[in-house]
Amino acid sequence: MGDEQPTSQKDLVPRIGTFLILLGIFSLIFFVTSDMARNPEFDWLFVGMVLMGIGFLFRRRAPAPPPAGRFAGIRKIRENAKKRKQEKADKKKAKKK
């Protein structure tokens with residue numbers, strides 16, 4: 001617990017964007033439920049759309065996450081297989097000449 005570093009502003013803005021997107025989704029859910037009750041409250045629709053738009057603008061600034069490397073072993077096996085296949089093809093070409 002004591003190893004946590006304080007959140008920088010660079011990390012905070014995308015988190016706020018995610019929070020605003022969630023609030024927008026809940027607002028849209030409120031609009032849909034009010035519409036199903038045959039008493040549509042369009043305020044919820046507009047608030048949800050605005051919140052989601054601002055949230056997406058904030059999330060756009062987020063850096064891409066680093067690759068997880070989960071499939072590095074499979075990728076390495078496939079690359080090795082391609083190399084072996086290429087070497088076999090080169091040997092066949094060399095024999096034909």
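Contact here means heavy atoms within 4.5 Å. The model is predicted, so local features need pLDDT of at least 70 and side-chain atom pairs count only at pLDDT 80 or more, while totals for chains, interfaces and linings use all residues. Residues are numbered from 1 along each chain as its sequence is written, and side-chain values use heavy atoms, with hydrogens and water left out.

**View 1. Ser27 in helix α1.** Ser27 belongs to helix α1, residues 9-36; helices (H or I, at least four residues) and strands (E, at least two) are DSSP runs, numbered from the N terminus. Is Ser27 buried or exposed? Ser27 counts as buried because its relative accessibility is 6%, where buried means under 20% relative accessible area, exposed over 50%, and partly exposed in between (1.4 Å probe, protein chains only). Apart from neighbours within four places in sequence, Ser27 has contacts with Trp44, Val47, Gly48 and Leu51.

**View 2. The pair of Phe31 and Phe42.** The chain has two aromatic pairs. Rings of Phe, Tyr and Trp (its six-membered ring) pair if their centres lie within 6.5 Å; planes under 30 degrees apart count as stacked, over 60 as edge-to-face and the rest as tilted. The ring centres of Phe31 and Phe42 are 5.5 Å apart and the planes stand at 45 degrees, so this pair is tilted. It links distant parts of the chain, with Phe31 in helix α1 and Phe42 in helix α2, eleven residues apart. Phe31 counts as buried at 13% relative accessibility, whereas Phe42 is partly exposed, with a relative accessible area of 43%.

View 3. Ser34 is placed in helix α1 and counts as buried, at 12% relative accessibility. Not counting residues up to four places away in sequence, Ser34 touches Asn39, Pro40 and Glu41. Arg38 lies in the loop between α1 and α2. Arg38 is exposed because its relative accessible area is 77%. Although Arg38 is not a glycine, its phi is positive, at about 60 degrees.

**View 4. Pro67 in the loop between α2 and α3.** Where is Pro67? Pro67 sits in the loop between α2 (42-59) and α3 (72-96). With 78% relative accessibility, Pro67 counts as exposed. Pro67 and Phe46 are 21 residues apart in sequence, and their C-alpha atoms are 37 Å apart in space.

**View 5. The chain around these sites.** The secondary structure comes to three helices and zero strands, in the pattern α-α-α along the sequence. The C-alpha trace spans about 80 × 45 × 20 Å along its principal axes. Of the 97 residues, 13% count as buried. Among contacts with a separation of 6 or more, 63% come from residues 24 or more positions apart. The chain exposes about 9,000 Å², with 61% of it supplied by carbon and sulfur atoms; accessible areas come from the Shrake-Rupley method with a 1.4 Å probe, and for residues only the protein chains shown count as cover.
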